[in-house]
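Hi everyone, thanks for making time.

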Amino acid sequence: MTQEQRTPSQEDLDTVSRQLGRPARDIVEIGARCVCGNPLVATTAPRLSSGIPFPTTYYLTHPVITSAVSRLEAAGEMVTMNERLETDQELQAAQLAAHQQYIAVRDAIGLRSGVGAVPEIEGVSAGAMPARVKCLHVMVGHSLAAGPGVNALGDETLGKISQWWTAKVCACAGAWDTESPVPEQDRSRHVRTQAGDPEAKRRERAAKRAAKEAQQQQ
Ligand SMILES: [Zn+2]
């Protein structure tokens, strides 16, 4: 995808919030899109706005893909994959390459989003790569964002969910609630965040000052 395609519009962020059923937070890019343009994968910067390091860059947002992958997980797919990872050297090499690509791309996202380097998570990718698989959603999110040939287990998982979802066919209709209001930021959290934010305090003081001055002028 081009940078223009990756840049999230307000509509994209609203769609992601609807897909997840909760407010989309700290999303800096859209990692992959449906053929119709809707987000499939949300990209989070390697450091959240709260300052917390965040290793998992790609998050599957499309409910049809998410539930198809959950079905495979529930059927024990990861057990088999982890057994294969113990002995299959070709697969081990593929996962090591995927792990390295993940970190390189995440570093690049950190740079373009203005977050910069995040030393706390240096050398750590996501989903227990490269030695194990802890989350198939992470693998598939990576595969969709990177395209085929980068994350072997993600590609393989996509092949296995093809009866429910494939890249060529839009499965968005009816997949999430488009009628209810967009889920919004929890208010209590919002207030708490602002309370500790020096910039918000500064604005608050400035507003009080302006109000006082306005009163004095009357
Ligand atoms: Zn679609």
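Let's start at Ala128, which is partly exposed, with 17 other C-beta atoms within 10 Å. For the cut-offs, a residue is buried if 20 or more other C-beta atoms lie within 10 Å of its own, exposed if 12 or fewer, and partly exposed in between, with C-beta atoms placed from the backbone. Before going on: this is a predicted model, in which local features need pLDDT of at least 70 and side-chain atom pairs count only at pLDDT 80 or more, while totals for chains, interfaces and linings use all residues. Residues are numbered from 1 along each chain as its sequence is written.

Back to Ala128, which sits in the loop between α5 and α6. Helices (H or I, at least four residues) and strands (E, at least two) are DSSP runs, numbered from the N terminus. What is phi of Ala128 near? The value is near 70°, positive in a residue other than glycine. The loop between α5 and α6 also holds Pro130, and the peptide bond from Met129 to Pro130 is cis, with omega near 0°.

There is another positive phi to look at. Asp26 has phi near 60°, again in a residue other than glycine. Asp26 belongs to the loop between α2 (10-20) and β1 (27-33) and is partly exposed, with 16 other C-beta atoms within 10 Å. Arg25 is in the loop between α2 and β1 too, and is partly exposed, with 16 other C-beta atoms within 10 Å. Along the chain, Arg25 and Thr44 are 19 residues apart, and their C-alpha atoms are separated by 8.4 Å.

Now let me zoom out. The protein chain has nine helices and three strands, and from the N terminus on the elements run α-α-β-β-β-α-α-α-α-α-α-α. Of its 218 residues, 33% count as buried. Next, contacts: two residues are in contact if their C-beta atoms, placed from the backbone, lie within 7 Å. Among contacts between residues at least 6 apart in sequence, 57% join residues at least 24 apart.

On to helix α4, residues 77-87. Which of its residues are buried? They are Met78, Met81 and Leu85. These residues cover an arc of only 60° around the axis, which puts them on the same side of α4; the arc is that of the directions from the helix axis to the C-beta atoms. As a reminder, an α-helix has 3.6 residues a turn, so residues three or four places apart point the same way. The face of α4 turned away from the buried side carries the exposed residues Val79, Thr80, Glu83, Glu86 and Thr87. And what do the buried residues of α4 pack against? Their partners are α3 (63-74), α5 (89-112), α6 (136-146) and α7 (152-160).

Let's take α7 from that group. Leu153, Gly154, Asp155, Thr157 and Leu158 are buried in α7, and what covers them includes α3, α4, α5 and α6.

Two packed helices are described by the angle between their axes and the distance between the axes. Axes here are lines fitted to C-alpha atoms, for helices over the stretch in contact, and angles run from 0 to 180 degrees between N-to-C directions. Angles under 35 degrees count as roughly parallel, over 145 as roughly antiparallel, 65 to 115 as roughly perpendicular and the rest as oblique.

For α6 and α7, the packing angle is about 95°, with the axes 8 Å apart, and the two helices are therefore roughly perpendicular to each other. On the α6 side, Leu136, Met139, Val140, His142 and Ser143 meet Leu153, Gly154, Asp155, Thr157 and Leu158 in α7.

For α3 and α6, the angle is about 135° and the axes are 9 Å apart, so this pair is oblique. The contact is made by Ile65, Thr66, Val69, Leu72 and Glu73 of α3 and Leu136, His137 and Val140 of α6.

One last stop: Gln101, in helix α5. With 16 C-beta neighbours inside 10 Å, Gln101 counts as partly exposed. Leaving aside neighbours within four places in sequence, Gln101 is in contact with Ala146 and Val150.
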